[in-house]
Amino acid sequence: MKHRITLCLLLIIMCCTAFIAVDGVDGAQKKKAHFGIDISHHQGDIVWKKVPSDLQFVYIKATEGASLRDEKYREYVKGAHSRKLKVGAYHFFRMTSSAHAQFDNFKSVAKKGDMDLIPMVDVETTDGRPNKALRDSLNVFIKLVRNHYGKAPMIYCPMKMYNDHLGESFNRYHLYIGRYGPNGTAGTEPPVIHGKGTYTIWQYSEKGTVAGIPQKVDLAKFNPKHNIYSISLR
C-alpha cells in the first residue's frame, strides 16, 4: 500500500513538473516585446548581444540633408541583423537642400539589402520655409523613394508638427507619430491625426531604457490595426 501511494505521488509530481515546464516554454514563445525603437549615433556604442531579440523593429538613421551620413549606420544595421531584428532606415529631411540632393544622399547609404522594412523620412523642422514649400519638396522626395525602393516611405513627425504643417495631405501614407507624456516620458494618449486617417506607429516615449543601449532611446508601438507586415519592404 505504501509503495502504491509513493508511486502515485511520484507520478503526480512528474505530471505537474511536466505541465509547468511546458507552460513555461509556451509563455516564453508567446512573449513578444510590445515596442520597437529608432536610433542614431546619439545612442552610442550599442552592445548588440545584450539587446532584446524580440523587439518589433529597429529604425536606424542613415542620412540627413544633402550630405550628412550617420557614422553608426552600417555598424547598427549589422548589429541589429545579428539579433535577427527587422530593420528600416530613415532620412532626416531638411529644407536647406533640394529633395533630389537629399534622396541621392539617402540612396547612397541606405541600400535595399539593408532593409526589411520600408524607408522612413523624418520631418521635424520647416527650416523657416512655408508649409507649401515643405509639402511640395516632401512629395518629390517620397516619389523618388517609391520609384527606387518599390514602396513609399513612412513619415515620422511629432503630432503637433504633422497636424500644423503637413496635415491631411499625407494621411494616405504610413505615419510614425510622436506623442509623449510630460518631459518626453511614456505617453498614455495615442496620436490624433486631423482628417481621415490614423497613425501606423506611435512613438510614445523618448526616454526609454533598453538593455545594451547606453543612452535613452525612443520607444514606439504599432496601432492595433497594423503590424510588422504592414510596413514590410519585401
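This is a predicted model: local features need pLDDT of at least 70, side-chain atom pairs count only at pLDDT 80 or more; totals for chains, interfaces and linings use all residues.
Start with helix H3, which covers residues 99-109, and helix H4, which covers residues 131-149. Their axes come within 9 Å and cross at roughly 35°, and the crossing of H3 past H4 is right-handed. On the H3 side, the residues that meet H4 are Ala99, His100, Gln102, Phe103, Phe106 and Lys107. Their partners in H4 are Ser137, Val140, Phe141, Leu144, Val145, His148 and Tyr149. Sorted by type, the residues of this contact come out as eight nonpolar, four polar and one charged.

The side chain of Gln102 reaches the backbone oxygen of Arg94 at 2.5 Å. Leaving aside residues up to four places away in sequence, Gln102 touches Gly65, Ala66, His91, Phe92, Phe93, Arg94, Ser97 and Phe141.

In soluble globular proteins, nonpolar side chains tend to be buried together. Here the largest nonpolar core holds 70 residues, and the members that touch the most others are Ile37, Tyr59, Val123 and Ile155. H4 turns up again, giving the most to this core with eight residues. As for Val123, its contacts beyond four places in sequence are Phe93, Leu134, Leu138, Ile155, Tyr156, Cys157, Pro158, Met161 and Leu166.

Methods. Residues are numbered from 1 along each chain as its sequence is written. Side-chain values use heavy atoms; hydrogens and water are left out. Axes are lines fitted to C-alpha atoms, for helices over the stretch in contact, and angles run from 0 to 180 degrees between N-to-C directions. Helices (H or I, at least four residues) and strands (E, at least two) are DSSP runs, numbered from the N terminus. A crossing is left-handed if the near helix is turned anticlockwise from the far one by less than a right angle, and right-handed if clockwise. Contact means heavy atoms within 4.5 Å. Ala, Val, Leu, Ile, Met, Phe, Trp, Tyr, Cys and Pro count as nonpolar, Asp, Glu, Lys and Arg as charged, and the others, Gly among them, as polar. A nonpolar core is a set of buried Ala, Val, Leu, Ile, Met, Phe, Trp, Tyr and Cys residues joined through side-chain atoms within 4.5 Å. Buried means under 20% relative accessible area, exposed over 50%, partly exposed in between (1.4 Å probe, protein chains only). A polar contact is a pair of N or O atoms within 3.5 Å; within protein, one must be able to donate a hydrogen and the other to accept it, and residues adjacent in sequence count only if both atoms are side-chain atoms.
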